[in-house]
Amino acid sequence: MPVRVLLVDDEPLVRAGLRAVLEAQPDIEVVGEAADGAAVIPLVRQTRPDVVAMDVRMPLLDGIEATRALLRTVADPPKILVVTTFENDEYVYEALRAGADGFLLKRARPAEIVHAVRLIAEGESLLFPSSVRQLAAAYGDGGGNRAARAALERARLTEREGEVLRLMARGLSNAEIAARLVVGTETVKSHVSAVLAKLGARDRTQAVITAYESGFVAPG
């Protein structure tokens with residue numbers, strides 16, 4: 001089955017460019033477009049995308065609030081890929097905090113766009129881990145976020161789960177973690193699932209942000 005993508009951006013040229021790049025791939029299908037975050041929820045319910053590629057700054061409802069509304073309102077929500085002009089942007093980090101699964105620069109090359117959509121859809125690795133680390137270092141409360149520290153304390157991760165979380169923060173995929181720890185991939189998947197469940201995290205990105213903001217992993 002192809003990866004179904006919904007495009008949300010107030011610039012028609014950006015949407016057209018993304019559509020052209022993505023629809024050139026046999027395993028990706030663009031199922032709809034919107035010019036503002038306010039249209040996301042009804043379109044998601046109508047088209048059932050796997051990934052929403054969403055601009056972070058839009059006139060009526062920006063990507064941060066649209067992400068919050070989508071995750072709060074829609075059962076089994078799609079993955080959210082924030083599309084942005086600037087990499088080191090507090091808006092991007094706030095979108096990740098709100099529940100976005102990753103971000104992509106508007107100036108990205110076609111191959112990077114396709115890779116980002118596939119990676120987000122698969123959910124087995126962190127997209128642009130070094131950039132997420134830089135954002136966390138700039139905007140992540142320096143390890144002093146109370147909610148993140150409380151979540152980590154409640155989680156009571158085992159030593160192996162903590163090790164897996166640290167490797168997740170470095171951007172390693174399940175297969176790479178399995179090779180590093182000399183265990184099977186299914187074992188790693190079980191550990192990742194346990195980490196997400198214990199932290200109450202929707203995905204790897206949210207778990208890694210909690211790790212940074214609690215001080216469990218240093219973003220520097």
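## Briefing on a predicted protein chain

Strand S1 (residues 3-8) and strand S2 (residues 28-34) run parallel and are joined by six bridges; two strands count as paired if DSSP finds at least two bridges between them. From S1 the chain passes through helix H1 (residues 12-23) to S2, a β-α-β crossover that is right-handed. A crossover is called right-handed if, with the strands pointing away from the viewer, the path from the first strand over the helix to the second runs clockwise. The model is predicted: local features need pLDDT of at least 70 and side-chain atom pairs count only at pLDDT 80 or more, while totals for chains, interfaces and linings use all residues. Residues are numbered from 1 along each chain as its sequence is written, and side-chain values use heavy atoms, with hydrogens and water left out.

**Overall form**

- The protein chain has eleven helices and five strands; helices (H or I, at least four residues) and strands (E, at least two) are DSSP runs, numbered from the N terminus.
- The C-alpha trace spans about 50 × 35 × 30 Å along its principal axes.
- The radius of gyration of the protein chain is 17 Å, which agrees with the value near 17 Å for a compact globule of 220 residues; this radius is taken over C-alpha atoms, and the globule rule is 2.2 Å times the number of residues to the power 0.38.

**Strand pairing**

- Val-5 has Val-30 as its bridge partner in S2.

**Burial and cores**

- Of the 220 residues, 52% are buried, a term that means under 20% relative accessible area, with exposed over 50% and partly exposed in between (1.4 Å probe, protein chains only).
- The largest nonpolar core has 53 residues, and among the members that touch the most others are Val-8, Met-54 and Leu-165.
- A second, separate core of 22 residues includes Val-14, Val-21, Val-83 and Val-114.
- A nonpolar core is a set of buried Ala, Val, Leu, Ile, Met, Phe, Trp, Tyr and Cys residues joined through side-chain atoms within 4.5 Å.

- Ala-169 lies in helix H8 (residues 159-169) and is buried, with a relative accessible area of 1%.
- Leaving aside neighbours within four places in sequence, Ala-169 is in contact (heavy atoms within 4.5 Å) with residues including Leu-126, Pro-129 and Tyr-212.
- Pro-129 is 40 residues from Ala-169 along the chain, yet their C-alpha atoms are separated by 6.8 Å.
- Across the protein chain, residues 24 or more positions apart account for 70% of the contacts with a separation of 6 or more.
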